[in-house]
Amino acid sequence: MHTDTTFKETTDAISYLKALGIDALSVSSPFQSVQLGESDLTATVPTGLDLQMGAESGFAELNSELARADMHLIVDLNPNHMPASHENAWWFDVLEWGGSARYANHFDIDWTRPITLPVLDRPIGEEIEAGKFQLAFEREHASLGVSYGGQFYPLTPSSYRKALEGIANKAAKALIETANDATPAAPGDFHSDVLRELDDADVTERLEIAAGLNDISSDADRLTELMCLQNWRLGVAKGAAEAISYRHSADSKRTVGVRIEDKDVFADYHKLALALLDETQIRGFRVNGIDELADPAGYTRQLRLQAGDDTFVVTDKILLDGEKYMDDWNVNGTAGYEFISTVADLFIDHGGLAKLQQMYQSELETSTEFPGDYRYAKATILHSSFADELDKLAQRLTELEPPHADELLLRRAVAELVAELPIYRTYSKDGTFSPFYLDTLQSAAKQISDRDGQPANERETLAFILRIMSSEETASSPEAARSFTVRFQQLTAAVMAQAIQKSYRYARGPIALDELMLNAGATADPIGAFHQKMIERAVKVPSGMLATSFSYATKFGEDARMRLLALSEASDVWAGAVDRWRRHHAGNLATIEDMIVPDPRTEWLIYQTLAAIWPVSLRIDDDAGMTSVREDLIAFVERAIRESEKQSFWTGVNKPYEQAVLNYVDRIFMDKVFLSEFVETMKPFWLTGALNSFSQTVLKLTAPGIPVVHSGAETWDLSISPSLKRRPVNFQDLKDQLAYADQSPLNLLLEDWDSGCVKQQIVKSHLQVRQERAELFAEGDYTPLTATGKQADHIVAFYRQFQQQYAVVAVPRLCFDMLKPFNRPVLPLPEWEDTFLQIPDALAGKEFRHVITGNVQILGSKFPLVEGLREFPAVTLISERV
């Protein structure tokens with residue numbers, strides 16, 4: 001939810017969502033949001049409902065509609081950080097009163113120095129000379145302070161005398177006396193008194209005060225002297241020499257880390273959320289930024305204790321590189337992002353991908369490491385965005401008697417370890433790591449130590465770091481060791497989060513395997529690997545989420561991704577096409593400082609992105625439709641080249657380079673001959689992508705877990721980069737489309753597959769079955785089914801069982817060659833005549849209904865897939881009630 005999808009728009013969508021089969025809305029935070037700078041990033045203040053979304057009245061209307069529909073809310077919590085801005089009353093209090101403020105302990109702040117705020121566009125002297133500061137009373141907060149760049153920075157009351165000196169009137173004197181009497185224990189009384197003094201003053205006195213404040217604003221020496229008396233300092237946003245004095249989130253330095261591990265902070269932060277849990281349709285929470293907390297397990301245990309056992313709680317934890325579910329977190333599971341890679345691995349032809357990779361690297365003369373040099377990306381981000389945190393860790397190590405006291409060496413060793421770690425973070429409890437995380441740390445350190453030319457003193461330093469992290473009590477200062485370990489873990493999580501959100505993934509290879517979780521390496525048995533993970537889910541986290549879209553870190557919508565994976569099935573065709581198109585448009589290349597623009601890798605990115613997002617029904621003479629696709633492509637490519645290593649991760653913008661790339665894109669959209677050939681070449685890939693999407697959707701709706709349907713993705717989701725501003729979802733259009741789908745025969749929906757109605761019908765039919773057989777899908781066992789015959793490797797099949805209820809699922813994979821002769825996503829039945837599913841005795845002889853077609857049949861010991869796939873290219877059979 002945001003300004004384009006308010007509480008009212010969400011309320012209006014309830015009837016459609018109910019008809020689709022949705023039983024709960026998982027929504028972004030409904031609490032007061034603050035925009036961070038000019039970006040789309042926001043942070044929340046959990047003390048009130050968002051005004052722009054409709055505040056209390058809008059939420060009450062939404063809540064009533066949800067209650068009538070018997071639907072619930074799962075709301076986002078963002079306990080890692082809050083906005084470092086005047087809209088945040090807690091932060092305002094800290095800026096005004098410093099270390100003695102009521103909320104001083106609520107944030108991760110280094111109180112050995114003033115709060116340093118990196119907000120200035122230029123050095124402070126230049127900004128003062130340019131008249132960018134205004135000293136004034138701000139009526140909303142009843143406070144005297146400095147305005148800059150849309151933000152207000154309150155003066156500490158002890159400096160009011162300095163700000164008002166020389167103004168010889170009764171009102172100024174009264175304000176100084178009020179400020180002198182003020183205490184941080186009663187800031188509300190102070191502000192009320194200030195407002196009363198101003199309201200009691202006559203106009204002449206207020207004008208005199210305003211004139212005096214204006215004089216200071218235009219006097220660099222006086223304004224600088226006044227600002228030096230504050231609890232805060234304003235620094236330059238980019239390239240600032242002064243270290244930031246507070247922990248911030250991975251997304252922005254305009255956030256401040258919350259000490260949510262403190263029980264009083266936890267209570268204050270969750271007061272409204274827990275009250276709404278008791279009084280509204282809210283039934284659970286999705287916790288964001290979980291890995292950046294000091295103690296994720298401690299936080300989730302406390303949330304469970306306060307929210308109760310019946311509350312649904314998931315975290316945005318992303319499991320990487322062999323990580324398992326967290327048994328001690330007391331949550332229902334994760335937000336389900338690991339399912340993206342789990343299911344996508346089924347639709348990658350790893351042999352074709354390896355071949356495509358070789359072509360990509362040789363023909364484009366690129367040295368890009370596949371699947372992406374995340375170490376380089378993380379190191380760059382660490383030094384550019386988290387240099388202060390890195391310095392603090394090195395300083396903390398000096399307190400622990402390291403073998404080498406050189407702070408530069410310590411800093412380098414920490415940086416190497418952060419960059420090498422292949423997961424978000426490690427977890428320790430009472431100074432002890434589980435075997436998996438200890439092995440991960442040791443493996444990362446070994447990778448660094450084994451590099452050619454690695455000096456002995458750095459190897460010894462790495463060994464020392466691991467020793468104090470894995471056995472804190474043996475350190476010279478156990479408390480310092482614990483503090484180092486916690487801060488190191490928070491830092492690695494923040495660096496990884498920003499790396500995968502912004503940087504290296506644009507350069508990850510020939511089919512944009514840029515989704516963080518995708519496994520680009522060869523998998524010996526993708527089907528077996530999928531089954532093993534689903535069996536584990538059924539046992540460990542049967543109520544965790546299953547997602548195929550990601551809130552911020554995937555660059556493509558779920559159906560665009562399925563198209564790109566299809567490229568691996570016909571690597572020769574795709575690579576040949578890109579080569580042909582590059583030669584065709586060679587005349588559109590530019591030369592800037594001896595560099596060809598766009599470079600070959602960016603050309604490839606342009607064509608594969610166009611392949612991912614082009615609507616099948618788009619005609620090249622549809623000017624409005626073509627303009628929309630062109631704008632999406634330009635926005636994506638512009639962001640990609642800024643976030644690529646050539647642009648040093650946003651440290652600068654190469655305008656001539658960007659313009660040359662955008663000119664190239666413009667020219668290919670003016671080339672009707674190319675566009676016609678492009679569409680013709682891509683048709684079989686788009687068909688394969690559609691079939692992949694059918695399979696992915698069915699798997700998500702039937703596998704162990706709670707399926708998440710991203711708004712708008714119940715139909716084709718060919719969107720790009722949610723980090724770009726998303727278009728609002730038109731729920732009325734979706735409602736009309738669903739009505740059309742309900743009234744249309746299946747063969748017509750398949751004929752009209754490009755409209756997305758058929759995918760919407762898949763979603764609805766399966767959600768209805770889930771509601772009818774809730775226990776089967778919520779608690780049922782998961783058992784793989786064996787396929788035999790010619791196409792056995794092209795089918796993924798399993799069954800679910802709860803008592804005497806059963807569901808049989810079979811979906812196709814890697815079917816590019818089968819689909820080439822067709823113009824719709826249906827399978828050639830002769831290819832499947834000798835392929836069967838082996839049906840266990842427990843299911844044989846029972847009557848089943850096909851969820852999509854409605855056909856009823858009795859299963860034998862072998863199920864012929866030629867029959868199962870006859871009317872629809874995926875099978876979900878549900879046992880009839882006994």
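When I speak of helices (H or I, at least four residues) and strands (E, at least two), I mean DSSP runs, numbered from the N terminus. Please keep in mind that this is a predicted model, in which local features need pLDDT of at least 70 and side-chain atom pairs count only at pLDDT 80 or more, while totals for chains, interfaces and linings use all residues. Residues are numbered from 1 along each chain as its sequence is written, and side-chain values use heavy atoms, with hydrogens and water left out.

Let me start with Thr11, which is placed in helix H1, residues 7–20. Thr11 counts as buried because its relative accessibility is 7%, where buried means under 20% relative accessible area, exposed over 50%, and partly exposed in between, with a 1.4 Å probe and protein chains only. A polar atom of the Thr11 side chain lies 2.7 Å from the backbone oxygen of Phe7, and a polar atom of that side chain also lies 3.4 Å from the backbone nitrogen of Leu62.

Next comes helix H25, residues 655–669, whose 15 residues reach 21 Å from the first C-alpha to the last, close to the 21 Å expected at 1.5 Å a residue; that expected span is 1.5 Å times one less than the number of residues. Among the buried residues of H25 are Tyr657, Ala660 and Phe669.

Finally, Phe798 lies in strand E23, residues 795–802, and Phe798 counts as buried because its relative accessibility is 0%.

Notes:
Polar contact = N/O pair within 3.5 Å; in protein donor to acceptor, adjacent residues only side chain to side chain.
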